[in-house]
Amino acid sequence: MSDAPGPEDSSPRRSYAKGIARRRQIIESAIASFADHGVDGTSLRTLGEEIGVSHATLRHYFASRDELLVEVYRAHEESSVGDALGAGAGAPKGVGPVEVMAASADRNRSIPGLVRLYATLSTDALQQGHPASEAFIRERFAGLRDALAELIREGQASGRIASDIDATDAAALVIAASDGLQVQWLLDPDAVDVGRSLKLLARILPGSGASTTEA
């Protein structure tokens, strides 16, 4: 009886699977590399050198530096248990928006390089010639605003949060405070306590426990 591979074992399918695995391997290597020291304005070629992948290989899987950075950060968020966007969208009843962002900031203390990567993407999104970064940051902000605004509306319905506060405006304020505080923390970690500062916002946007994680 022949051991020749059937149609399901065709070479194109094996190559496709190997390609997916190789792309994932590159992203995981980049996450590990960027977690400690982040990434600056270097080229795709230099990024390849940092993670031990040839420039030609990177160009095969990622069209640009921006695309690689976006996919690295997206994969990091998807693999992080309780990332801000996911936690906000699926938070238990009674959890406040400030609690969600404070918990995310607390987890970020162990991966300052990826916080720097996020700051890089945010900065790039405001510059000409970075469409991938702009689309990602715009989409992320929109998703976070929606998720946190829903938590605020739940708080208003239960009477914990004042009913005359616009939920979307308040969500934008929480995001701005969290992101801005983390940039300050990166620059001066001994002077800035993200969790403690966010507790000031929790006074007007409380959760059921009205507390946040210490930073």
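1. Two residues are in contact here when they have heavy atoms within 4.5 Å. Keep that in mind for this predicted model: take the contacts in the protein chain between residues at least 6 apart in sequence, and 66% of them join residues at least 24 apart.

2. On the overall make-up, the protein chain has 10 helices and zero strands. Reading from the N terminus, you get α-α-α-α-α-α-α-α-α-α.

3. Now for burial and surface. Of the 215 residues in the protein chain, 42% count as buried. The accessible surface comes to about 11500 Å², and carbon and sulfur atoms hold 52% of that.

4. Have a look at helix H2, residues 44-51. Which of its residues are buried? They are Leu 44, Leu 47, Gly 48 and Ile 51. These four span an arc of only 105° around the axis, so they sit on the same side of H2. As a reminder, an α-helix has 3.6 residues a turn, so residues three or four places apart point the same way. Just after H2 comes Gly 52, with a positive phi of about 75°.

5. Next, the pairing of H7 (residues 112-125) with H8 (residues 131-158). Their axes come within 8 Å and cross at roughly 110°. Angles of 65 to 115 degrees count as roughly perpendicular, and H7 and H8 are therefore roughly perpendicular to each other.

6. Who makes that contact? From H7 it is Tyr 118, Leu 121, Ser 122, Asp 124 and Ala 125, and from H8 it is Ser 133, Glu 134, Phe 136, Ile 137, Arg 140 and Phe 141. By type, the residues in the contact of H7 with H8 split into six nonpolar, two polar and three charged.

Terms used: Residues are numbered from 1 along each chain as its sequence is written. This is a predicted model: local features need pLDDT of at least 70, side-chain atom pairs count only at pLDDT 80 or more; totals for chains, interfaces and linings use all residues. Side-chain values use heavy atoms; hydrogens and water are left out. Axes are lines fitted to C-alpha atoms, for helices over the stretch in contact, and angles run from 0 to 180 degrees between N-to-C directions. Helices (H or I, at least four residues) and strands (E, at least two) are DSSP runs, numbered from the N terminus. Angles under 35 degrees count as roughly parallel, over 145 as roughly antiparallel, 65 to 115 as roughly perpendicular and the rest as oblique. Ala, Val, Leu, Ile, Met, Phe, Trp, Tyr, Cys and Pro count as nonpolar, Asp, Glu, Lys and Arg as charged, and the others, Gly among them, as polar. Buried means under 20% relative accessible area, exposed over 50%, partly exposed in between (1.4 Å probe, protein chains only). Accessible areas come from the Shrake-Rupley method with a 1.4 Å probe; for residues, only the protein chains shown count as cover. The arc is that of the directions from the helix axis to the C-beta atoms.
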